[in-house]
Amino acid sequence: MKLLSLLSTFLKDDQISVNATVLEQHSKDESYHTPHDPDVVVFPRTTEEVTKIMQTANDLEVPVIPFGLGSSLEGHVIPYHGGISIDFQLMNKILEVRPEDFLVRVQPGVTRSQLNKELKKHGLFFTVDPGADATLGGMAATNASGTTSVRYGVMRDQVRDMEVVLADGRIIHTGSMTAKSSSGYHLNGLFVGSEGTLGTFTELTLNVYGIPEATLAGRMVFPSIEKAVTTVTNILHAAIPVARIELVDARSVQQVNKTNETNYLEKPTLFVEFHSNEAGLKQDVSFAKSIAQDNDCEEFIFEQDTKKRALLWEARHNLAYSFSHGSPGKKMMVTDVCVPISELTGAIVDARKAIKTNGLDGALLGHVGDGNYHAIVMIDPTDSEELDRAMKLNQHLVHYALERGGTCTGEHGVGTGKAQYQQKEHGPALGVMKSLKLTLDPKGILNPGKIFCNRSSS
Ligand SMILES: Cc1cc2nc3c(=O)[nH]c(=O)nc-3n(C[C@H](O)[C@H](O)[C@H](O)COP(=O)(O)OP(=O)(O)OC[C@H]3O[C@@H](n4cnc5c(N)ncnc54)[C@H](O)[C@@H]3O)c2cc1C
């Protein structure tokens, strides 16, 4: 095969794999989307090697699919047209930590927990925390966010600069080392969230933050979703600097209790965390408590103990996995819409009804401070009738959000699963996105079929 012999001119044998198991590992993500094998998986170590891979693919017009950890949820890494899956696991070096500049330079295969372990030595931390221990390249490519985004922002807010290898092998930088810049177009903004369709990231310069002096986490339990969401809005209005504020519905708490040794009240609950100094923390918590009590909060429990706090967030982060482990043979469908916060209560109440109408079992949870929520349903993708009901639910939730000024994805990205909603959400702006894609990737080799509906339009 011409492709393999060209790749072997600059990659070592152990950097190229056509092993069936390795191909299968790179054929899927964590979701219900149908897998498809790449032709080959490569493991570059340097930007120079990535450049040569891209030039080879571009010359032969072979698809290239960047691969981080494969934890995405909308079919992002599935090579529907075969081609080269570029796995960045060997590009996993933390290149530079500059505490005085509050920045770090990393290769794309570094995972967030790997980075935080290193940063801890400097009294710093990296804020974005999607449930999976994803790579920073993958997180930038999906504009990931998580529980702390209400306070620190999403992945796009953390990226100062990226080294990107374009489809034709050119290497560019999208920003600078500075905390801000008004120079030229905002290429960071364009490439973050581009899902491997505009270029491959070979280096990232990211913001990091000082570890707060004091942290307190806890749970607030409410009689209804409405009361819980109103509490969130009131806390944000009061400008209490809450670092995390997560809603889990009664079904989710039930699942938490099933999988963990917890005995939480099975009612709508907010998992919260405050970051401050000792004095500020006391004031913030007591203010938040009085707001919660005004909204009929039934239980208000705080954990200052590091272990108990870790257990609380572990239970929250592992919720999706606890559903998937509890449903052998089934796959996860996680919808991820985001609405203006004033629409959130209505959206969640409507979603609960829609889950029931479609005869499904599912949990509702969300990063409520951002207006972002998920419905998790476990489905058997080979059961076309069940899949159809799940698709109807997904479509209903997306249309509900779009009709209220929302978006079809707050953080998971488009992949193939949300491509069908792009026209409705973006209208003529989708044409502008296609023009950008065509300029940067005229042969359509970069992650074809993602974001846009088919390869020719991708
Ligand atoms: C249980 C669970 C919970 C989750 N919770 C959240 C959450 O709260 N918030 C959230 O945002 N996400 C969440 N996710 C989704 C997921 O973790 C993110 O999408 C993650 O950001 C993807 O990172 P990855 O390393 O796994 O990338 P992959 O899945 O491997 O790739 C994702 C995309 O990035 C592209 N890509 C990867 N590396 C590069 C690179 N070097 N250059 C260019 N493109 C690249 C790929 O082509 C693909 O399009 C969750 C997933 C799971 C399984």
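## Basis

In this predicted model, local features need pLDDT of at least 70 and side-chain atom pairs count only at pLDDT 80 or more, while totals for chains, interfaces and linings use all residues. Residues are numbered from 1 along each chain as its sequence is written, and side-chain values use heavy atoms, with hydrogens and water left out.

## Ligand site

The ligand is surrounded by 36 residues (a heavy atom within 4 Å of the ligand). Pro-66, Gly-68, Ser-71, Ser-72 and Thr-135 are the closest. By class, this shell has 16 nonpolar, 17 polar and 3 charged residues.

Polar contacts are pairs of N or O atoms within 3.5 Å. A ligand oxygen atom is 2.7 Å from a polar backbone atom of Gly-68. The side chain of Ser-71 has an N or O atom 2.7 Å from an oxygen atom of the ligand, and the side chain of Thr-135 also has an N or O atom 2.7 Å from a ligand oxygen atom. Of the 990 Å² of accessible area (Shrake-Rupley method, 1.4 Å probe) that the ligand has on its own, the protein covers 97%.

## Largest pocket

A pocket is an open set of points on a 1 Å grid over the protein atoms alone, where a 1.4 Å probe fits, with protein on both sides within 12 Å along at least five of seven lines; lining residues have an atom within 4 Å of a point. The lining of the largest pocket consists of 24 residues, with Asn-116, Phe-125, Arg-244, Glu-273 and Arg-309 nearest its centre. This lining has 8 nonpolar, 8 polar and 8 charged residues.

Methods:
Ala, Val, Leu, Ile, Met, Phe, Trp, Tyr, Cys and Pro count as nonpolar, Asp, Glu, Lys and Arg as charged, and the others, Gly among them, as polar. A polar contact is a pair of N or O atoms within 3.5 Å; within protein, one must be able to donate a hydrogen and the other to accept it, and residues adjacent in sequence count only if both atoms are side-chain atoms.
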